[in-house]
Amino acid sequence: MAKVLIIGAGGVGTVVAHKCAQNPEVFTEIVIASRTKSKCDAVAKAIGKPNITTDSVDADSVPQLVELFRRHKPELVINVALPYQDLTIMDACLECGVNYLDTANYEPKDEAHFEYSWQWAYKERFEQAGLTAILGCGFDPGVSGVFTAYAAKHWFKAMETLDIVDCNAGNHGKAFATNFNPEINIREITQNGRYYQDGKWITTGPLEIHKTLTYPNIGGRDSYLLYHEELESLVKNYPTIKRARFWMTFGQEYLTHLRVIQNIGMARIDEVDYNGTKIVPLQFLKAVLPDPQDLGKNYHGETSIGCRISGIDKDGKPLNYYIYNNCSHEEAFKETGMQAVSYTTGVPAMIGAMMFLKGLWRKPGVYNVEEFDPDPFMEQLPVQGLPWHEIIGGDLEV
Ligand code: NDP
């Protein structure tokens, strides 16, 4: 059907490439390009299909991206590099007439701050160019938005509270490691928490609010309130929501390491002078921490991510609704060589690309996933390795 270009060959890029290759009737040609070409070559070799080629690019450079796009002429770019590259890749898409999909919203390198305004500002230009940009199509953001859209379409007249709950009950056997890019991960967790209540955003201290939540097949886990990007688009697209929050589980060992990292200044994102060389401590830390891509081998246990929603059902009665997916680290590794955090991000990115290429999620402009029909995406989730389940009328605990 079409040629796709995957930018980024990390944990998520590897899963996207595997899953695209498993659906050759949709993804007839696949190009993987990243800063380090050898990583793309290793992914292509592991998959071992003739329709995959590789290339190198510095995605911070629009001219390099434009050259890459002109060389390969893809119909869609799947951006699974880092959030810093979102805008340069969107600029190159506009210049070359290429459609766009990503899994994380733009963040400037020098400020740990993320919001959609930078990317939403491209809406008119994408509309005028007749191009589609699909934002935040991993698991959270991504499936969390599709789950919410599905609940709104099939269950609720008015959703009133939304709690997105993200549990990783896996164990990789390392003293400290992050499950995706350490720099992005530590920036996300160490900033203030934030949630939406009655039309206002309420700021909390970092990891200040926490409670035990029970996850299916896992049990009770301490869960911490964080700010997460999909809250911004979901409260805008579903104005009946009065309260929206995001929770993530962390173990005590992880939090102790994180506290030490912060206390000794290794989470700093400003430049410091080290023997005449400028270094950013958090980037240096990334270089010495375990690579998230290498965690898969000894990872046991599973993730459980879902949406707990309360409100008024289609018949006007109160409804509690919980929709979730559990994903096994071992199964993810057997299939793609990556752990479940990369798997649960890469599979939805591939499905979003499939939705676009099949013409089901195609409309000129810049959109978050909940603005498309959730049904064909929900149909694909179990087919592609991410089955989902619903609990109706249970205790939401939130
Ligand atoms: P990794 O760090 O494992 O991989 C990032 C890849 O991008 C690497 O191959 C890296 O190349 C490449 N890259 C970085 N900078 C550039 C550049 N300037 N030009 C070209 N390539 C570049 O990260 P992950 O795979 O774990 O995460 C990928 C994305 O997925 C991130 O944006 C992350 O925020 C997002 N994510 C989204 C989730 C969701 O549910 N929505 C969950 C988890 C992650 P090199 O190897 O040379 O460094």
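How many residues surround the ligand, and which are the closest? Select the ligand and its shell in this predicted model. The shell holds 34 residues. Gly-10, Arg-35, Ala-59, Gly-138 and Phe-180 are the closest. Next, color by element. Helix H1 (11-21) and helix H13 (340-357) are the elements that give two or more residues to this shell.

Now color the shell by residue class.

Zoom out to the domains. Select residues 2-135 for domain 1. Then select 143-339 together with 385-392 for domain 2, which the domain assignment gives in two segments. Where does the ligand sit relative to domain 1 and domain 2? Both domains give residues to its shell, so the ligand lies between them.

Next, select the contacts across the boundary. On the domain 1 side there are 14 residues, in contact with 14 residues of domain 2. Go back to H1: with four residues, this helix gives the most to the side of domain 1 that touches domain 2. That side is made up of seven nonpolar, five polar and two charged residues.

Last stop: strands S10 (residues 210-215) and S11 (residues 219-226). Pick Thr-214 and find its bridge partner in S11, Gly-220.

Technical notes. Residues are numbered from 1 along each chain as its sequence is written. This is a predicted model: local features need pLDDT of at least 70, side-chain atom pairs count only at pLDDT 80 or more; totals for chains, interfaces and linings use all residues. Two strands pair if DSSP finds at least two bridges between them. A residue is near a molecule or strand if its C-beta atom, placed from the backbone, lies within 6 Å of it. Domain bounds come from an automatic or database domain assignment. Two residues are in contact if their C-beta atoms, placed from the backbone, lie within 7 Å. Ala, Val, Leu, Ile, Met, Phe, Trp, Tyr, Cys and Pro count as nonpolar, Asp, Glu, Lys and Arg as charged, and the others, Gly among them, as polar.
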